[in-house]
Amino acid sequence: MSIWTYANPVKFLALSTRVQPWLWAAASIAIGVGLVWGFFGTPDDFRQGSTVKIIYLHVPSALMAINAWFMMLVTSLIWLIRRHHVSALAAKAAAPVGVVMTLIALVTGAIWGQPMWGTWWAWDPRLTSFLILFLFYLGYIALWEAIEDPDTAADLTSILCLVGSVFAVLSRYAVQFWNQGLHQGTSVPVATGGRTVADVFWYPLLLSMIGFALLFVALVFYRTGTEIRIRRAAALRARAGRGL
């Protein structure tokens, strides 16, 4: 079966309804075990003490904040090229989830950074690009709300998503682009296949990242289904109005 089959709203809703219970359950278990294991089952770091344990919230939320925007980029491109409404609604559905993940990453980063750097905020390249990404999220959501025609809103928000993707890339690779700033290198350098986290911290962190990813997918399925139903209800109201 082709993936484009699920561009049909009815088939997408059927898939979403079928997989959501499994996603919610898996996400709850992974996040619950990962956080409890990380916060209570790992030792303090020899340099950062217990402060290091915020990594189990900060890293997964930052990872999903960036990847949520990339998911929106892909679905926006599908909308612009193939005009599948489900893809546009999926991008719209992902934005509030992404902005919450970005906010969690910014707040936990400040909490983590204050005892390490002696300041809650610094205009570090990675921090600054992440803040700009947060503002792009807010602008994307506001643009959807500001335009009445849904297809026009989808077009303009898709273009905004293309522009904002520059800052998603900078948020991910700023430490590699600029060899300066307070922010340390990435803990999970996917490009090189290595990592800078000891095994005792790595396994609960990996479980938390998997849990956050599953949570994101579950939320996007749920919110996309809600957007489809809202669109369908609006179409029925408009049809009933014309009938009168």
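Predicted model: local features only at pLDDT ≥ 70, side-chain atom pairs only at ≥ 80, totals over all residues.

Colleague: What do lysine 92 and glutamate 227 form?

Modeller: The general idea first: side chains of opposite charge can pair when their charged atoms come close. Here lysine 92 and glutamate 227 make a salt bridge, with 3.3 Å between the closest N and O atoms. That pair ties together distant parts of the chain, since lysine 92 sits in helix α3 and glutamate 227 in helix α6 (residues 199-243), 135 residues apart.

Colleague: How many salt bridges does the structure hold?

Modeller: Two. Arginine 83 also bridges to aspartate 155, the closest N and O atoms being 2.8 Å apart. Again distant parts of the chain are linked: arginine 83 is in the loop between α2 (55-82) and α3 (85-117), and aspartate 155 is in helix α5 (residues 150-177).

Colleague: On to the fold. How many helices and strands are there?

Modeller: Six helices and zero strands.

Colleague: How do I check the span of helix α1?

Modeller: Count 1.5 Å a residue: the 32 residues of α1 (residues 9-40) should span 46 Å, and the end C-alpha atoms lie 44 Å apart, so the two agree.

Colleague: Where does α1 kink?

Modeller: At valine 19, by about 40°, shortly before proline 21. Back at the start of α1, a side-chain oxygen of asparagine 8 comes within 2.8 Å of the backbone nitrogen of valine 10.

Key. Residues numbered from 1 in each chain as written. Heavy atoms only, no water. Helix = DSSP H or I, 4+ residues; strand = E, 2+ residues; numbered from the N terminus. Expected span 1.5 Å × (residues − 1). Bend = angle between axes of the 7 residues up to and from the residue. Polar contact = N/O pair within 3.5 Å; in protein donor to acceptor, adjacent residues only side chain to side chain. Salt bridge = Lys/Arg side-chain N within 4 Å of Asp/Glu carboxyl O.
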